[in-house]
Amino acid sequence: MTKIFGVLSAAFFLVAAVTGCQVTNSYYLGARVDKEKVFPLVQGTSSGQVWQDLNLTINYDLKVVPDAIAISGTVGFSGNPLVVYQQVSDMKVTFYLLDSNNRVVSYRQVSWVLSRDLEELTAFYKELKRPAEAVAYTFGYEGGFIDEEGWGHMVWSLPRVDD
């Protein structure tokens, strides 16, 4: 009886983990991105690119071929976090591929920063398949910062799933 319970428990957790990954991997598909944050995918290599907002700066190189994309670079913090907060906590940065209507057709997490100093840069490198309908891209993030009193503050810049 104990052995059966153990096998059933393991099977349940395996199914829950796989199902959870599938839901997470498709959540932003079809979500819309504001055109001000969208960059066209240009065949070839683009070096020394910068994506920045009030919280993050991403310096990156992008290599685009008809069926694949390679992206490498660094994630750093800029503006408000450097002045107000002491530490980053659980910051996930995602690369989104978009169609001609600025809707997400594919995405991949490129960086995940856990509890560290705001002055440090985090390097990344990812390769991904390029869907035929992908003509543009952007970045997004979600995570938190910790102030000098230990309070956490959440920030995000994500595609809109409610359009």
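The accessible surface of the protein comes to about 9,800 Å², and carbon and sulfur atoms contribute 58% of that area; accessible areas here come from the Shrake-Rupley method with a 1.4 Å probe, and for residues only the protein chains shown count as cover. The structure is a predicted model, in which local features need pLDDT of at least 70 and side-chain atom pairs count only at pLDDT 80 or more, while totals for chains, interfaces and linings use all residues. Residues are numbered from 1 along each chain as its sequence is written, and side-chain values use heavy atoms, with hydrogens and water left out.

Of the 163 residues of the protein, 37% count as buried. Buried means under 20% relative accessible area, exposed means over 50%, and partly exposed lies in between, again with a 1.4 Å probe and protein chains only. The secondary structure comprises two helices and ten strands, where helices (H or I, at least four residues) and strands (E, at least two) are DSSP runs numbered from the N terminus. Read from the N terminus on, the elements follow the order α-β-β-β-β-α-β-β-β-β-β-β. Among the contacts in the protein with a separation of 6 or more, 64% are between residues 24 or more positions apart; a contact means heavy atoms within 4.5 Å.

The sheet may be considered next. Four strands form an open sheet in the order E2-E3-E4-E8, with antiparallel pairing; two strands pair if DSSP finds at least two bridges between them. E2 and strand E8 (122–129) stand at the edges, each with a single partner strand, so one side of each is left without a neighbour in the sheet. On average, neighbouring strands of this sheet are turned by 15 degrees against each other, direction ignored; the axes behind this angle are lines fitted to C-alpha atoms, for helices over the stretch in contact, and angles run from 0 to 180 degrees between N-to-C directions.

The strand pairs can be followed residue by residue. E2 and E3 pair in the antiparallel sense over seven bridges, and a hairpin joins E2 to E3 through three residues. Within this pair, Gly44 has Val64 of E3 as its bridge partner, and Trp51 is bridged to Ile58 in E3. Strand E3 (residues 56–65) and strand E4 (residues 68–77) are paired in the antiparallel sense over ten bridges, and these strands form a hairpin with two residues between them. Here Thr57 has Gly76 of E4 as its bridge partner, and Ile58 is bridged to Val75 in E4. In a regular strand the side chains alternate between the two faces of the sheet.

Two buried residues illustrate how the chain comes together. Leu41 lies in the loop between strand E1 (39–40) and strand E2 (44–52). Leu41 counts as buried because its relative accessible area is 11%. Leaving aside neighbours within four places in sequence, Leu41 is in contact with Leu62, Val64, Ile69, Leu97, Arg130, Ala134, Val135, Ala136 and Tyr137. The C-alpha atoms of Leu41 and Ile69 are separated by 9.5 Å, and the two residues are 28 residues apart along the chain. Ser111 belongs to strand E6 (residues 104–113). With a relative accessibility of 4%, Ser111 is likewise classed as buried. Not counting residues up to four places away in sequence, Ser111 touches Val75, Met91, Lys92, Val93 and Thr122.

Leu82, Val83 and Val84 form a nonpolar patch with about 260 Å² of accessible area together. Patches are made of residues with over 30% relative accessible area and no salt bridge, with like charges joined within 9 Å and nonpolar side chains (Val, Leu, Ile, Met, Phe, Trp, Tyr) within 5 Å. Leu82 is placed in helix H2 (residues 80–84), and its relative accessibility of 36% makes Leu82 partly exposed.

Side chains of opposite charge can pair when their charged atoms come close. The structure holds one salt bridge, defined as a side-chain nitrogen of Lys or Arg within 4 Å of a carboxyl oxygen of Asp or Glu. Asp34 forms a salt bridge with Arg160, and the closest N and O atoms are 2.2 Å apart. This pair links distant parts of the chain, 126 residues apart: Asp34 is in the loop between helix H1 (2–26) and E1, and Arg160 is in the segment after strand E10 (152–157). Asp34 is partly exposed at 31% relative accessibility, and Arg160 is partly exposed with a relative accessible area of 31%.
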